[in-house]
Amino acid sequence: MKRNLMKALSLLLAVVLIASIGILPANAASNAKYQAKHPIVLVHGLAGFGQYDDLNSIIQYWGYTSGSIDKYIEKYGNECYEASVGPISSAWDRACELYAQLTGTVTDYGAYHAAVHGHDRYGRDYTAHGYGKLMKKEWNASNPINLVAHSFGGVTCRLLIQLLADGSKAEYNYAVKTGTLGNLSPLFTGGKRNWVYSLTTLAAPSNGSTVCEALPNIVNFVGELMTVGSKALSVTSLKGVYDFQLEHFGITAKKTDTLDSLYKKIVKSGFMDHNDNAFADLALDKAIDMNKDLKLQSSVYYFSYYGDRTTRTILGTYKPTVRMWAPFQISGAAMCTYNGTTAGYYYNGYGANKTKVSVTKTKANTATWKRSDGMVPVESGQYPFHYENGKRVDDAHTSASVGVTAKKTGVWYVMPVVDADHLTFCGGVLNETVSSVHSFYNGVMQNIVNCGG
Ligand SMILES: [Zn+2]
């Protein structure tokens with residue numbers, strides 16, 4: 001095992017060195033322009049990982065091939081943490097895990113949610129006796145955080161912010177009904193809207209992704225993406241390092257499991273039948289319906305970045321450019337040609353609690369739905385929308401440039417489109433330079449610093 005780790009590490013270093021040839025070292029001198037008052041918490045996307053994961057010591061999600069992004073941010077005197085939420089878990093489960101990691105508590109998915117979705121109420125223990133707290137200092141309104149979320153981390157963070165602000169009526173009512181109010185997680189009681197100072201989303205599928213509608217089997221595709229990605233980084237054969245954090249569904253990994261074998265085991269286990277996973281939350285109908293309850297908070301600054309690596313052909317159609325990472329050419333091309341309308345419903349809950357939820361259908365046939373970074377359409381990366389009585393309602397938003405001094409809370413400051421594919425945002429620089437990734441994060445930090453974060 002150790003020899004495998006060393007081999008992988010050497011190969012990784014070689015990749016990083018090759019990627020860095022001819023590039024001047026980034027200017028990491030202390031610079032107040034990039035030094036935030038409050039901690040930065042990075043929240044990964046689908047199939048991602050963070051600092052609790054063994055894998056992170058071999059390959060970092062935040063800086064796959066660019067070198068550690070959190071270390072880069074820390075060089076300016078910032079506190080920076082990388083959360084490790086369930087790679088294919090639902091936004092709800094991930095929000096609960098994020099709360100537990102930041103507060104140093106036992107993960108509580110909520111008694112009501114657990115009953116409806118057929119899994120355990122409690123998950124991993126992040127108290128001092130368990131995995132331990134992510135942040136050094138106590139997290140509260142006097143010590144708020146700046147959330148920086150990649151991809152599905154976006155909805156994870158928006159749901160966390162919503163629960164902090166208003167709690168969960170469903171969990172509260174269930175606790176009253178069952179006489180267990182004293183046992184209700186503080187995450188569901190609300191009143192913590194000032195615990196988050198800002199949210200920056202990076203290529204977040206805030207209205208879902210047409211990749212779920214356009215590809216016949218998105219679950220298999222993501223499995224293949226993970227395998228291809230880890231093969232490229234020479235870590236595919238490593239055993240026992242992939243952590244899907246699904247014990248609450250009764251799914252545990254063995255030390256002999258590889259990424260491939262474990263993923264197949266999960267798909268076969270019936271995990272998908274619970275309608276409580278990232279794939280369900282990423283389908284357009286459910287993603288847009290969830291937005292109804294995810295309100296912009298008047299105390300939080302919001303920034304969004306989105307990528308487009310497609311081009312318009314002379315026929316007026318769209319296709320990925322050659323600079324898009326090879327595996328995303330498949331998903332990107334499928335999204336470019338997708339012309340459909342959604343089903344207008346999704347399923348919620350498990351077993352006897354399974355219900356069909358009817359929603360307004362979405363016609364995903366405009367250029368902004370077709371153009372993407374290979375995983376997330378432009379229409380979804382900019383800002384969320386939802387429907388009220390069949391009429392589309394957009395979140396408040398304004399176009400802005402990088403390094404903006406945001407004056408308003410509760411409004412999305414939408415950054416100019418980035419020529420990037422989906423992994424470029426978290427430092428996958430196979431088609432990029434290390435300095436361009438660093439320069440991108442300087443911009444992210446500047447936005448946060450300028451609004452007082
Ligand atoms: Zn759940």
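Modeller: Angles under 35 degrees count as roughly parallel, over 145 as roughly antiparallel, 65 to 115 as roughly perpendicular, and the rest as oblique. Axes are lines fitted to C-alpha atoms, for helices over the stretch in contact, with angles from 0 to 180 degrees between N-to-C directions. Helices (H or I, at least four residues) and strands (E, at least two) are DSSP runs numbered from the N terminus. The model is predicted: local features need pLDDT of at least 70, side-chain atom pairs count only at pLDDT 80 or more, and totals for chains, interfaces and linings use all residues. Residues are numbered from 1 along each chain as its sequence is written.

Biologist: How are helix 3 and helix 5 oriented to each other?

Modeller: The axes of helix 3 (residues 91-103) and helix 5 (residues 153-166) come within 8 Å and cross at roughly 65 degrees. Helix 3 and helix 5 are therefore roughly perpendicular.

Biologist: Is the crossing of helix 3 and helix 5 left-handed or right-handed?

Modeller: A crossing is left-handed if the near helix is turned anticlockwise from the far one by less than a right angle, and right-handed if clockwise. For helix 3 and helix 5 the crossing is right-handed.

Biologist: Which residues of helix 5 meet helix 3?

Modeller: Two residues are in contact if their C-beta atoms, placed from the backbone, lie within 7 Å. From helix 3 come Ala91, Trp92, Arg94, Ala95, Leu98 and Tyr99. In helix 5 they meet Val155, Thr156, Leu159, Leu160 and Leu163.

Biologist: Which residue of strand 7 stands opposite Thr201?

Modeller: Strand 5 and strand 6 pair over six bridges, and Thr201 in strand 6 is the bridge partner of Ala149. Five bridges join strand 6 to strand 7. There, Thr201 stands opposite Ser304.

Biologist: Which residue of strand 15 is the bridge partner of Phe303?

Modeller: Strand 7 (residues 301-305) and strand 15 (residues 412-414) run parallel and are joined by three bridges. The partner of Phe303 is Tyr413.

Biologist: How many residues of strand 6 are buried?

Modeller: A residue is buried if 20 or more other C-beta atoms lie within 10 Å of its own, exposed if 12 or fewer, and partly exposed in between. Strand 6 is largely enclosed by the rest of the structure, because its buried residues number seven of the seven.

Biologist: Which residues does Gly154 contact, leaving aside neighbours within four places in sequence?

Modeller: Gly154 lies in helix 5. With 27 C-beta neighbours inside 10 Å, Gly154 counts as buried. Its contacts are Ala149, Thr201, Ala204 and Ser206.

Biologist: Is Tyr318 buried or exposed?

Modeller: Tyr318 is in strand 9 (residues 318-320). Leaving aside neighbours within four places in sequence, its contacts include Thr310, Cys336 and Arg371. Tyr318 has 20 C-beta neighbours inside 10 Å, so Tyr318 counts as buried.

Definitions and conventions. Two strands pair if DSSP finds at least two bridges between them.
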